[in-house]
Amino acid sequence: MGSVLKVGKIGICGHFNLNGEAVGGQTIKTRIIGETLSGIYGLEQVKRLDTAGWRKKAPVFLIQCVKLACQSEHIVILPAHRGVKVLVPLFVFLSRLFGRKLHYVVVGAWLADLLKGSRLLTKIMKKVDFIYPQTNTLIEKLNKIGIAGNLYLMPNFKAVPPLNLDFDGIAFEKPYKLCMMSRINCQKGVEAAVEAVRRLNIKHGKKTAVLDIYGPVEDGYKERFEELLSSNSEYVRHRGTVDYNHAVNVLKDYYLLLFPTKYFTEGFPGTILDGYLSGVPVLASKWESWQDIIEDKRTGYVYEFDDDHDFFTKLDFLIQNPDTVLLMKKNCLKEAQKYSPDRAVKVLADNIS
């Protein structure tokens, strides 16, 4: 790699889960940021503090936090929802005590909603030197509650290069393969997707499309999901879960990715990024920050939020227009180049430098 930049030590506090596998977006993001900064500044310049299981060892963890702040010129934190109320005030205090710079990399889209319910936490959050939300939508929401001047966009990213695919001359064969990849519950739009595919096949009088669903089934939804699969077994299957590193290779054979979420406050869904990396466009509902991720009619199509009829209409259009889908597949591979770790983490590295 050649020479590395020399700065004071960087301390990262996040869910590395060092004694286990990288499961979940928070852990994966934390690890990639650690690896990327180590590549830029040198391994010896980056110190890691794992938040996994910190409540069970709170006194020891507190001492470790103090040590990290004492030894690091820049502190990077990636707290989960439950950790924000503890870690942000703690590290704001420690950064002021030791004269350090504090960087908060936001995971998810819930921060503004959390702060609305706490004036004290909002006041403390304003003292964080650098905050990195994933979307411009979240930046705007934070601005509205008085947090401004320390916000820097850091979109989602993945340490996987876009697939090298050549779509020229490709011919799609029916039934077209559609997929969903997410947690499986009603609010993720699973039932809307199954119903849209059912209506599609009935309208065309033959098996025009099939739907493969990937992801863990939430407790309390398993019985209902089994009913859905049983009554639509001709064209809907549950294909289990997919490892983070294998998602792109699994998706590449699909015609279209469905993202019919009914969670309006979704952030930056990793599954859509996986779609871009594999050259698979998305058909998605217009959740709160969709415009930060999808360019309508270029990298995907969108339909009115929670409007199942519009969902079906747009799906039917895309099934009948494979040339449109083919063009979007090419666009997705180009779009994916924006979301490499080096490019996404550059804003953090620049502020550290």
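Which residue of strand 3 is the bridge partner of Ile12? Select Ile12 and look across to strand 3: the partner is Val76. Helices (H or I, at least four residues) and strands (E, at least two) are DSSP runs, numbered from the N terminus.

Before going on, note that this is a predicted model, where local features need pLDDT of at least 70, side-chain atom pairs count only at pLDDT 80 or more, and totals for chains, interfaces and linings use all residues. Residues are numbered from 1 along each chain as its sequence is written, and side-chain values use heavy atoms, with hydrogens and water left out.

**Stop 1: an open sheet**

Now select strand 1 (residues 10-14) and strand 3 (residues 74-78), which pair in the parallel sense over five bridges. Two strands count as paired if DSSP finds at least two bridges between them. Widen the view to an open sheet of five strands, in the order 2-1-3-4-5, with parallel pairing. Strand 2 (46-50) and strand 5 (130-132) are at the edges, each with a single partner strand, so one side of each has no neighbour in the sheet.

**Stop 2: strand 7**

Next, select residues 209-214, which are strand 7. Six of its six residues are buried, meaning under 20% relative accessible area with a 1.4 Å probe, protein chains only. Ala209, Leu211 and Ile213 point one way, while Val210, Asp212 and Tyr214 point the other way.

**Stop 3: helix 7**

Select residues 190-204 for helix 7, which has 15 residues and reaches 22 Å from its first C-alpha to its last. Its buried residues include Val190, Ala193, Val197 and Leu200. Just after helix 7, click on Gly205, which takes a positive phi of about 70°.

**Stop 4: the largest core**

A nonpolar core is a set of buried Ala, Val, Leu, Ile, Met, Phe, Trp, Tyr and Cys residues joined through side-chain atoms within 4.5 Å. The largest one has 35 residues, and Leu178, Leu211, Leu258 and Leu315 have the most contacts inside it. Helix 7 gives the most to this core, with seven residues.

Finish at Leu315. Leaving aside neighbours within four places in sequence, Leu315 is in contact (heavy atoms within 4.5 Å) with residues including Leu178, Ala196, Val197 and Leu200.

Methods. The expected span of a helix is 1.5 Å times one less than its number of residues. Buried means under 20% relative accessible area, exposed over 50%, partly exposed in between (1.4 Å probe, protein chains only).
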